[in-house]
Amino acid sequence: MENGSQTSRYWYGASEEDRRRKAVEVLQAFRVYRAAEVAMRRRTRESMSMGENELLVLRYLLRASGQGRQVSPSELTRYLGVSTASTTAIIDRLEKSGHVTRVPHPSDRRSIYIVATAASDAEVRATLGSMHSRMMAAVIDMTPEECETVIACLGRLQDAVDQVDPHHEVAESPMEADVTL
């Protein structure tokens with residue numbers, strides 16, 4: 001015979017303990033995915049002989065190109081959150097390796113744009129294309145409701161991590177014991 005708490009959960013839904021356990025399982029699944037993604041990015045950087053910022057710049061430039069936008073060095077500096085000297089060094093390395101070119105601004109002789117080369121676009125597609133296909137295959141058959149749930153959850157998680165400020169003390173949380181890095 002069932003005890004009273006199991007019967008009440010049947011009628012009234014999962015207990016707080018069950019909800020916490022499921023929440024921890026969801027967060028752990030995201031952590032495992034994130035670890036796999038970080039490892040994939042490391043392997044990609046190694047195979048392309050690039051650092052993290054070089055790969056970020058290349059992805060940013062390719063995305064901008066797909067949108068028909070030109071990108072200035074100062075835009076890259078803001079995007080990366082680094083100094084102009086660091087941005088110049090990154091652009092120099094990417095130009096030397098044949099991944100980007102400097103193109104004169106059409107109306108301002110003092111300005112330039114940074115453009116990803118066709119070869120770097122092809123290299124990125126060759127390196128990451130099959131992974132993107134596998135990722136698409138993993139989600140293409142999700143129902144609209146499942147998509148909405150995942151998108152909403154990821155949005156809430158993004159909001160949560162965007163609020164992390166290392167300069168302010170974190171308030172005690174009821175979930176604190178369940179959260180690990």
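Arg69 counts as partly exposed at 34% relative accessibility, on a scale where buried means under 20% relative accessible area, exposed over 50%, and partly exposed in between (1.4 Å probe, protein chains only). The model is a predicted one, in which local features need pLDDT of at least 70 and side-chain atom pairs count only at pLDDT 80 or more, while totals for chains, interfaces and linings use all residues. Residues are numbered from 1 along each chain as its sequence is written, and side-chain values use heavy atoms, with hydrogens and water left out.

Arg69 forms a salt bridge with Glu75, with 2.9 Å between the closest N and O atoms; a salt bridge here is a side-chain nitrogen of Lys or Arg within 4 Å of a carboxyl oxygen of Asp or Glu. Side chains of opposite charge can pair when their charged atoms come close.

| Salt bridge | N to O distance |
|---|---|
| Arg69 and Glu75 | 2.9 Å |
| Arg19 and Glu16 | 2.9 Å |
| Asp18 and Arg21 | 3.9 Å |

Arg19 and Glu16 both belong to helix α2 (residues 16-47), where they stand three residues apart, about one turn of the helix; helices (H or I, at least four residues) and strands (E, at least two) are DSSP runs, numbered from the N terminus. Arg19 is exposed, its relative accessible area being 53%.

Asp18 and Arg21 are likewise placed in helix α2, and because they are three residues apart, about one helical turn separates them. Asp18 counts as buried at 18% relative accessibility, whereas Arg21 is partly exposed, with a relative accessible area of 42%. Both residues take part in a network of salt bridges that links Asp18, Arg21, Lys22 and Glu25.

Ser72 is placed in the loop between α3 (52-66) and α4 (73-80), and with a relative accessibility of 19% Ser72 counts as buried. When residues up to four places away in sequence are not counted, Ser72 touches Ile112 and Tyr113, contact being defined as heavy atoms within 4.5 Å.

Turning to the cysteines, the structure holds zero disulfides, a disulfide being a pair of cysteine sulfur atoms within 2.5 Å. Cys147 counts as partly exposed at 29% relative accessibility, while Cys153, at 17%, counts as buried.
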